[in-house]
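Welcome! Have a look at the structure first, then try each task.

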Amino acid sequence: MSTDFILTRDKRVGALKRLPVPALGRAYAALFGPFAVLLCALPFFASGYVVTLAVEVMIAGVFASGINLLTGYTGLVSLGQAMFLGFGGYGIAIGTALLGWPLWVSAPVTLVLVAVIAAAIGAICTRTRGVEFLLITLAFSQMFYGAAIKLRWTNGSDGMTGIPRPDLSLLGLNADNPTAFYYYVLSVAALALLMLWRIVTSPFGSVLVGIRENERRMTSMGYAVANYKIGSFALAAVTCAVAGILQSQYTYFVNPDAMSWQMSGEGVLMVIIGGANVILGPLVGAAVFVVVKQALSMITEEYNLFFGIFFMLVVAFFRGGVLGAISKLIGKRHERA
Amino acid sequence: MQIFLIQLLNGVQLSMLVFLLAVGLTLIFGLMNILNLAHGAFFTMGAYFGLVVANKTGSFWLALLIGPLLPFVAGMLLQFFVLQPLAQRGRSTHLDLALLTFGLLFATAGAVEYIYGSAFHSIGTPDLLKGRVALLGIEFPLYRLFIIAVGIAIAAALVLVIDRTLVGATLRAGVDNREMVTALGININVLFALVFGFGSALAGFAGIVSAPIMSIYSNMGIGIVVTTFVVVVVGGLGNLKGSFYAALIVGVTDTLAQAYLPEAELFAIYAMLIAVMIFRPQGLFGAAGRVA
């Protein structure tokens, strides 16, 4: 993990600085090992309720990680990522229930289709930037939300039920069992995060960060900025669709609410809580969010009120996120040493 | 043909309502570079405050007059004490401010639901505007004509104020060169807060105007604000005249789609927006730069 680094903006010169922070790498490694062991061993000692919560956290974490690629790394703030969450769920629902395909065909076909559709949507959306980008992604998701409500062959606003979980009988497991499903979600989430980690540490990922920091410079350096943005958009969408597939399998159903703009907002919120442009940030953000949401639902029915207030406080006072705060702490100590 | 005419007028009436919201949104964006996603919250706020006044006094006109005061004050305070300081600390870019107002939108809807419950309310049509009028061979509700008239009157007044008065000149100058305006001795923070308050008041005004024909409920602002976003993007963000024409296009498209293509009801205006974004990403009327 000694190659770990954080990308920060040096306030004094305003330039991008690539900080090799061995201390930070060691700290992450030290945290990561026990964390991974804990996740693998969780069902053996935790209650069923905790395992269920952990499943929700991981699904939300994959969703938020997809948003993070686009928002944290590429610097494009989208309020429409929930549409891809919905695409994932509806994709396998249509594939298995309407077309009668097995899950192992429906899921890959869904992801490929999402990639193609997202590339097309991304090509349109990335022509704009800043708040216009935010608004057009919102419009796209509202359009598909509206379509999902109206479409009769997907049961309109009632949504579709009976979404199958994977057949794990080869491993001697039954995915309807919460523990088995937990391990299934854990493997998929780990795979998705690993893939994202490879992406952001690749040269492609560096270009995305470059676009975030100074798009004009990247253009003049000869990068086809537009294509990179579309690539980032499509990869983020596929990640969100993976989360959508998991989510619909977790609840056995999918309805248009998966595509609501509040859902998109929740994803962005998780990214901000955890700390944008840190690869595990969204997962931490998802954990905080899911736990807070659970706690809130126990004490109050006014979810919107507290969601809104929580959102405002996080945006106003908590910009670096949880991991941002930790990085800063370790970074400071490192500077002193 | 007669039905078409009625639908067309309904569309224009919806356009005027959305225009009242779009004015504030686009003025605030043009001047302060803040995308106020919470604009729908002020729509709700105005409607509920108007409802309270109407219930107390029994007068629609008093509600119309007093109702916008609450969103005016709330908007002013929000800009002056929350958004402006955050923007000045440089800690939040305009995107962060947009996200903050996103939270505010849901918090307001939640707070309203907490106070008033999720029931639907309505304010009765004032006696003066009850009934229908014969027009071009059709009967059209007088109140809907009143909304159209109000929308056109406000649009005209705004154009006059912005093009012909000192306040308008100051606003236009503020868009072009903020530092210069400050150097001329104008307290730009107060001006911004006033404009923010005014935009919010117009949104609240729209909430009360819509009350006799649409229901008042806690999530009313969340639905209409998305339509308003479509209007300001089609019109070009920050472009006042553009948002008037765009409101007409969007309102009529939406109403006609509901009448003749119910399958596409929730779909049509977004499809139109996307078509606009493909061919003119800066908005249909965005080329000439920001008007206000």
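**Exercise 1.** Work out what radius of gyration a compact globule of 292 residues would have, and compare chain B with it.

*Solution.* Start with the rule: 2.2 Å times the number of residues to the power 0.38, with the radius taken over C-alpha atoms. For 292 residues this gives a value near 19 Å, and chain B has 19 Å, so the two agree. Next, picture the box that the C-alpha atoms of chain B fill: roughly 60 × 50 × 35 Å along the principal axes.

This is a predicted model, where local features need pLDDT of at least 70 and side-chain atom pairs count only at pLDDT 80 or more, while totals for chains, interfaces and linings use all residues. Residues are numbered from 1 along each chain as its sequence is written, and chains are lettered from A and ligands numbered from 1 in the order in which they are written.

**Exercise 2.** Find what share of chain B is buried.

*Solution.* Apply the cut-off: a buried residue has 20 or more other C-beta atoms, placed from the backbone, within 10 Å of its own. In chain B, 51% of the 292 residues pass.

**Exercise 3.** Describe where chain A meets chain B.

*Solution.* Take two residues as in contact if their C-beta atoms, placed from the backbone, lie within 7 Å. Then 33 residues of chain A touch 36 of chain B.

Notes
A residue is buried if 20 or more other C-beta atoms lie within 10 Å of its own, exposed if 12 or fewer, and partly exposed in between; C-beta atoms are placed from the backbone.
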